[in-house]
Amino acid sequence: MDQPSPHPLIRPERRDDHDAVGAVVAAAFGSDAEAALVERIRASPEFRPQLALVAELDGVVAGHVMISAPALHHSAGVRTIVMLSPLAVSPDQQRNGIGGQLVDAAVAGAERLGEPLVVLEGSPQYYGRLGFEPASRYGITLPIPDWAPPAAAQVKVLDRYDPADPSMRGTV
């Protein structure tokens, strides 16, 4: 049974959060690989620090999400878009709404920055409840692992999305 939804403080990640974020990500995924991915994203030019967020409960980091800016290769060239990945919530806080609150806050931040869409790779059931749709509906292809269903490549269109813009279709 789901727990009552806590009311975490959703705030920008700080440098002094990095160790706690790494621990949350590793615990959530059961692997250090995703925590290493967070470090690689932070070190990359695609990192958007204003869109790296933590959920804090009683002074403790309980969740994390980040958005980076990969390239979308389209018929006329390349443009930058934003991608949400990874999303992690401490195992003892999962299934109580923190992940959805983090996703909503990150998407709202992308909207405020004037982004036209957010892409991700993840569970169609989970992210579908948060307004994401199959990316293929919008002519966008994301590389996904062989074990993932094609519908794991997802997109959420935002207010600045222009369906007539050919640079909004292509391969991430």
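**View 1. Strand 6 gives the most residues, 7, to the lining of the largest pocket.** In this predicted model, local features need pLDDT of at least 70 and side-chain atom pairs count only at pLDDT 80 or more, while totals for chains, interfaces and linings use all residues. Residues are numbered from 1 along each chain as its sequence is written, and side-chain values use heavy atoms, without hydrogens and water. The pocket has a volume of about 950 Å³ and is lined by 34 residues, of which F29, L87, G122, S123 and Y127 lie nearest its centre. Elements giving two or more residues to this lining include helix 1 (18-29), strand 6 (82-89) and helix 4 (124-128). A pocket here is an open set of points on a 1 Å grid where a 1.4 Å probe fits, with protein on both sides within 12 Å along at least five of seven lines, and lining residues have an atom within 4 Å of a point.

**View 2. Ring pairs link Y126, Y127 and F132 into a cluster.** Rings of Phe, Tyr and Trp (its six-membered ring) pair if their centres lie within 6.5 Å, and planes over 60 degrees apart count as edge-to-face. The search of the whole structure finds 3 aromatic pairs. Because the rings of Y127 and F132 have centres 5.8 Å apart and planes at 80 degrees, this pair is edge-to-face. Both Y127 and F132 are buried (under 20% relative accessible area, 1.4 Å probe, protein chains only).

**View 3. Y138 and Y161 form an edge-to-face aromatic pair.** Their centres are 5.7 Å apart, with 85 degrees between the planes, and the pair links distant parts of the chain, 23 residues apart. Y138 is buried at a relative accessible area of 18%, and Y161 also counts as buried, at 16%.

Technical notes:
Phe/Tyr/Trp six-rings, centres within 6.5 Å; stacked < 30°, edge-to-face > 60°. Buried < 20%, exposed > 50% of the residue type's maximum accessible area, 1.4 Å probe, protein only. Helix = DSSP H or I, 4+ residues; strand = E, 2+ residues; numbered from the N terminus. Points joined across faces, edges and corners; volume = space filled by probe spheres on them.
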